[in-house]
Amino acid sequence: MKPRAPLPLPAIFGIPAAIALVTAAGLVTALLDDGLVDALSWAALSVPVLAAARSWWNRER
(Lines give C-alpha, C1' and ligand atoms only; values in the text may rest on other atoms or scores of the structure.)
Protein backbone atom coordinates (compact mmCIF):
# COMPACT_ATOMS: atom_id res chain seq x y z
CA MET A 1 0.00 0.00 0.00
CA LYS A 2 1.42 3.37 -1.01
CA PRO A 3 1.49 6.21 1.52
CA ARG A 4 -0.85 9.10 0.85
CA ALA A 5 0.48 12.30 -0.59
CA PRO A 6 0.22 15.24 1.84
CA LEU A 7 -2.67 17.58 1.21
CA PRO A 8 -1.98 21.24 0.43
CA LEU A 9 -2.94 23.77 3.12
CA PRO A 10 -5.88 25.27 1.16
CA ALA A 11 -7.43 21.82 0.93
CA ILE A 12 -7.18 21.43 4.70
CA PHE A 13 -8.06 24.93 5.90
CA GLY A 14 -10.15 26.31 3.02
CA ILE A 15 -13.65 25.42 4.20
CA PRO A 16 -13.05 26.22 7.90
CA ALA A 17 -11.52 29.57 6.94
CA ALA A 18 -14.52 30.38 4.74
CA ILE A 19 -16.92 29.46 7.56
CA ALA A 20 -14.93 31.67 9.95
CA LEU A 21 -15.05 34.63 7.56
CA VAL A 22 -18.79 34.28 6.99
CA THR A 23 -19.37 34.02 10.74
CA ALA A 24 -17.26 37.11 11.42
CA ALA A 25 -19.14 39.02 8.74
CA GLY A 26 -22.43 37.91 10.31
CA LEU A 27 -21.34 39.13 13.73
CA VAL A 28 -20.30 42.51 12.34
CA THR A 29 -23.51 42.96 10.34
CA ALA A 30 -25.56 42.09 13.42
CA LEU A 31 -24.12 45.18 15.10
CA LEU A 32 -24.69 47.56 12.20
CA ASP A 33 -28.37 47.99 11.45
CA ASP A 34 -31.87 46.56 11.73
CA GLY A 35 -34.20 45.15 9.12
CA LEU A 36 -32.65 43.48 6.09
CA VAL A 37 -29.18 43.56 7.66
CA ASP A 38 -30.49 41.51 10.58
CA ALA A 39 -31.75 38.91 8.12
CA LEU A 40 -28.33 38.80 6.48
CA SER A 41 -26.63 38.36 9.84
CA TRP A 42 -29.01 35.53 10.77
CA ALA A 43 -28.24 33.83 7.45
CA ALA A 44 -24.49 34.25 7.93
CA LEU A 45 -24.60 33.01 11.52
CA SER A 46 -26.58 29.93 10.50
CA VAL A 47 -23.74 28.73 8.24
CA PRO A 48 -21.66 27.07 11.01
CA VAL A 49 -24.77 25.46 12.47
CA LEU A 50 -25.76 24.07 9.08
CA ALA A 51 -22.21 22.89 8.40
CA ALA A 52 -22.12 21.05 11.73
CA ALA A 53 -25.54 19.52 11.10
CA ARG A 54 -24.49 18.39 7.63
CA SER A 55 -21.28 16.90 8.98
CA TRP A 56 -23.17 15.06 11.70
CA TRP A 57 -25.76 13.79 9.24
CA ASN A 58 -23.14 12.51 6.74
CA ARG A 59 -20.81 10.91 9.28
CA GLU A 60 -19.68 7.35 8.78
CA ARG A 61 -21.16 4.91 11.23
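Helices α2 and α3 are therefore roughly parallel to each other, a term used for angles under 35 degrees, with over 145 counted as roughly antiparallel, 65 to 115 as roughly perpendicular and the rest as oblique. The model is predicted, with local features requiring pLDDT of at least 70 and side-chain atom pairs pLDDT 80 or more, while totals for chains, interfaces and linings use all residues. Residues are numbered from 1 along each chain as its sequence is written, and side-chain values use heavy atoms, with hydrogens and water left out.

The axes of α2 (residues 36-45) and α3 (residues 47-57) come within 4 Å and cross at roughly 30°. Axes are lines fitted to C-alpha atoms, for helices over the stretch in contact, and angles run from 0 to 180 degrees between N-to-C directions. In this pair, Ala43, Ala44 and Leu45 of α2 meet Val47, Pro48 and Val49 of α3 (contact means heavy atoms within 4.5 Å). The contact of α2 with α3 comprises 6 nonpolar, no polar and no charged residues; Ala, Val, Leu, Ile, Met, Phe, Trp, Tyr, Cys and Pro count as nonpolar, Asp, Glu, Lys and Arg as charged, and the others, Gly among them, as polar.

In the chain as a whole there are 3 helices and 0 strands, in the order α-α-α. Helices (H or I, at least four residues) and strands (E, at least two) are DSSP runs, numbered from the N terminus. The radius of gyration of the chain is 16 Å, whereas a compact globule of 61 residues would have one near 10 Å; the radius is taken over C-alpha atoms, and the globule rule is 2.2 Å times the number of residues to the power 0.38. Along the principal axes, the C-alpha atoms fill a box of roughly 60 × 25 × 10 Å.

The axes of α1 and α3 come within 9 Å and cross at roughly 145°. Here Ile19, Val22 and Thr23 of α1 meet Val47, Pro48 and Ala51 of α3, a contact with 5 nonpolar, 1 polar and no charged residues. Thr23 lies in α1 (residues 9-32), and its side chain reaches the backbone oxygen of Ile19 at 2.8 Å. Leaving aside residues up to four places away in sequence, Thr23 touches Ala44, Leu45 and Pro48.

Over residues 12-33 the chain is 95% helix and 0% strand, with the end C-alpha atoms 35 Å apart. Over residues 39-57 the chain is 95% helix and 0% strand, with the end C-alpha atoms 26 Å apart.

How values were computed
Polar contact = N/O pair within 3.5 Å; in protein donor to acceptor, adjacent residues only side chain to side chain.
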